[in-house]
Amino acid sequence: FKLKTRFDARNELTVLGLGGIDKMKLNTKADDEDNEYILSYLPKIQQETFTLGAVYRHYAGAHVQSVVASHSYLNNRNTKYQQNDESDPEHLMLRLRSTEQNTQLRLENSSSFRNWKVTVGTSLAYSQYSNTTFQKVYTDRAQTFDYHTYLGIMRWGLFGTVNYTSIDERFTASLGLRADANNYSAAMKDLSDQLSPRLSLSYQLADHWFASGNAGLYYQLPAYMALGFKNNNGTFANKYNLRYMKVSEGSLGISWRKGDTFEASVEGFYKDYDKIPLSVADGIPLNCKGNDYGVVGNELLTSTAQGRSYGAEILVKWLIAKKLNLASSFTLFKSEYRNDKESEYIASAWDNRYIFNLRGTYNLPHQWSFG
């Protein structure tokens, strides 16, 4: 749901709510070899989730102040029995019960001065994670993990953005800087260690022709399951091993536009991933384990893996006779990871090489549309 209230010309409040339920069951009647393998490791998954948030804005001429508050919740249950036989308790391979909650507050101010717009702000968040897990793991030896964990993390950040548009609107630029930190460990407490600069530029070369480019550095926490994993001694096994994941990216592109009816563009991109959690048990980066359903991160990890992704994308948007709206994209890329700086890059689990998308919407009479 979404509720929007304007108290007067200068003050407004927006409230947004979103909820979801997942209840996944295994089709154990599927009996071919491929399905048999999949059924051997897929757990039964049940989840409930919701997010509730509010934004209050005050308009004061050239200045806009915003207060954003939100709370999100996820209840996750994964269960797996050997050969999917739930009649024998000894066949239990995985019983995971976890909850995640995030409460966030953000304050920001945006000011406009002729061709300039400046935004500054700060954010504060408290995250709670609890997990009760029983799991049998078979790698080089059989292991059983049986633990309960609770994690409370305070996160804080500062950010600022400067946007510029030339008088003739041929040139636009955006420069931003963000810093994040948290109290999970001493290695993550310093804002200066997670400084994230971003730059975006666009210029109209000639009629219909535009060139653009952007570059940025981004930091993200590993999954709570990885942060909250405990060994059989009851201590956080990854507390001194994990760092913020780091991604630096850049892209250059050129586009041809004809009003609002047609646009075609070509863009090349490169992304570099660093400090990615690596599984100590099997030597696989955690990012390469998340391409299927299941539990990811409840194991001993170290932030040594690296990755890269690069390629080009062609995008076409076409509005025909104000009735048919088509958009299509084709991406050619490579995605690779390695365990550390001394290792060779190999294809990641996401290395599809080709992605093609086509979507369209046709406007029917009486305000109906079909897509």
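Is Lys-289 buried, partly exposed or exposed, and what is its relative accessible area? Lys-289 is partly exposed, at 22%, where buried means under 20% relative accessible area, exposed over 50% and partly exposed in between (1.4 Å probe, protein chains only). The legends below start from this residue.

This is a predicted model, in which local features need pLDDT of at least 70 and side-chain atom pairs count only at pLDDT 80 or more, while totals for chains, interfaces and linings use all residues. Residues are numbered from 1 along each chain as its sequence is written, and side-chain values use heavy atoms, with hydrogens and water left out.

View 1. Salt bridges that share partners join Asp-282, Lys-289 and Glu-299 into one network; a salt bridge is a side-chain nitrogen of Lys or Arg within 4 Å of a carboxyl oxygen of Asp or Glu. Lys-289 meets Asp-282 at 2.9 Å, N to O, and its closest approach to Glu-299 is 2.8 Å between N and O atoms. Lys-289 and Glu-299 both lie in the loop between β12 and β13, so their bridge ties together parts that are 10 residues apart in sequence. Strands (E, at least two residues) and helices (H or I, at least four) are DSSP runs, numbered from the N terminus. Asp-282 is partly exposed at 39% relative accessible area, whereas Glu-299 is buried at 16%.

**View 2. The salt bridge of Arg-353 and Asp-351.** The structure holds 12 salt bridges, and here Arg-353 pairs with Asp-351, the closest N and O atoms being 2.7 Å apart. Arg-353 is partly exposed at 34% relative accessibility, while Asp-351 is buried at 15%.

**View 3. Phe-145 against Phe-229.** The count comes to 14 aromatic pairs: rings of Phe, Tyr and Trp (its six-membered ring) pair if their centres lie within 6.5 Å, and planes under 30 degrees apart count as stacked, over 60 as edge-to-face and the rest as tilted. The centres of Phe-145 and Phe-229 are 5.5 Å apart and their planes stand at 75 degrees, so this pair is edge-to-face. Phe-145 belongs to strand β7 (residues 142-165) and Phe-229 to the loop between α2 (224-227) and β11 (245-258), so the pair links distant parts of the chain, 84 residues apart. Phe-145 is buried at 13% relative accessible area, as is Phe-229 at 2%.

**View 4. Tyr-270 stacked with Tyr-310.** These two rings form a stacked pair, 5.9 Å centre to centre with 20 degrees between the planes. Tyr-270 is partly exposed at 39% relative accessible area, and Tyr-310 counts as partly exposed at 27%.

**View 5. The largest nonpolar core.** This core has 18 residues; a nonpolar core is a set of buried Ala, Val, Leu, Ile, Met, Phe, Trp, Tyr and Cys residues joined through side-chain atoms within 4.5 Å. Among the residues with the most contacts inside it are Leu-151, Ile-153, Met-188 and Leu-242. Elements that give two or more residues are β5 (92-113), β7, β10 (209-220) and α2, and α2 gives the most, with four. Leaving aside neighbours within four places in sequence, Met-188 is in contact (heavy atoms within 4.5 Å) with residues including Ala-181, Gln-194 and Leu-242.
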